Amino acid sequence: MLLAVANPLSAVDIVAHRGFSARAPENTVAAFKLAWQGGADACELDLHLTADGGIAVLHDKDTQRTTGTGLVVSATPLADLRRLDAGSWKAPEYAGEPIPDLAEALATLPADRGRFLLEIKCGPEVVPELARQLQAWKPRADQLRIIAFDRAAAREAKKALPWVRVYRLSSEQTRDKQPVDLDALIADTVADGLDGLDLSQKWPWSGDFVRRIRAAGLEVHVWTVNKPEDVRRLAALGVDSITTDDPVMAREALGK
């Protein structure tokens with residue numbers, strides 16, 4: 001049986017993956033603004049520490065894919081990264097769209113709704129600067145989440161920012177293509193004092209799968225879901241949020 005909870009499908013939060021990345025250049029102010037305009041409940045973004053200790057919002061370790069210029073983020077000052085064109089690759093109307101810093105991205109967040117899922121794409125070295133920048137957001141703590149694949153990054157983020165919910169990200173396979181042990185992942189997440197799991201849709205999702213995670217006191221989130229039938233199937237299992245490149249599609253699929 002598919003249904004795991006009695007909540008309506010529309011109760012599931014829709015998270016715009018790197019902003020409204022189906023239509024706008026990922027991880028840009030334009031993508032975040034378009035997601036909020038499209039009614040997304042949240043936006044996910046990716047962050048890296050720059051050479052001069054800033055926080056740049058982009059997915060990759062270098063800028064080649066989204067700017068055509070292959071600068072290594074960790075070896076480049078933030079100002080130099082911001083001079084690049086991160087929009088033209090997507091569509092001509094986005095020419096000149098810069099790589100934002102964290103503050104610029106957060107500034108798009110409506111005061112009365114929505115939240116950001118901040119994915120640490122580097123390691124725990126970014127946590128001190130992240131904690132410094134987020135202190136001013138403490139009154140709006142419920143509008144922030146931190147997510148990370150790296151266990152140490154997630155653990156250190158939770159220690160530095162105990163007032164922010166932190167989720168561990170995981171694919172269904174390890175780098176050597178072995179299946180990830182869900183029970184061990186749950187145990188590690190609980191031991192680290194984290195608040196939930198954010199898992200690939202390629203895991204073997206079922207009502208029992210969701211219940212196993214919830215039984216440990218953890219929230220349940222899923223990424224990246226881009227087909228309406230998959231959105232509805234996963235929402236019916238009672239997940240807390242679904243991350244998608246197309247938040248408008250997902251909202252329509254759930255009747256939100």
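In this model, the side chains of glutamate 219 and tyrosine 167 form a polar contact at 2.5 Å, the term denoting a pair of N or O atoms within 3.5 Å, where within protein one must be able to donate a hydrogen and the other to accept it, and residues adjacent in sequence count only if both atoms are side-chain atoms. The model is predicted: local features need pLDDT of at least 70, side-chain atom pairs count only at pLDDT 80 or more, and totals for chains, interfaces and linings use all residues. Residues are numbered from 1 along each chain as its sequence is written, and side-chain values use heavy atoms, with hydrogens and water left out.

Glutamate 219 belongs to strand 8, residues 219-223; strands are DSSP runs of E, at least two residues, and helices are runs of H or I, at least four, numbered from the N terminus. With a relative accessible area of 16%, glutamate 219 is buried (under 20%; exposed is over 50%, partly exposed in between; 1.4 Å probe, protein chains only). Beyond neighbours within four places in sequence, its contacts (heavy atoms within 4.5 Å) include Arg165, Asp195 and Gly196.

I turn now to valine 166, in strand 6, residues 165-170. Valine 166 counts as buried, at 0% relative accessibility. Residues up to four places away in sequence aside, valine 166 touches Ile146, Ala154, Ala157, Lys158, Leu194, Asp195 and Gly196.

Finally, the helices. Pro228, Val231, Arg232 and Ala235 of helix 9 meet Met249, Ala250, Ala253 and Leu254 of helix 10.
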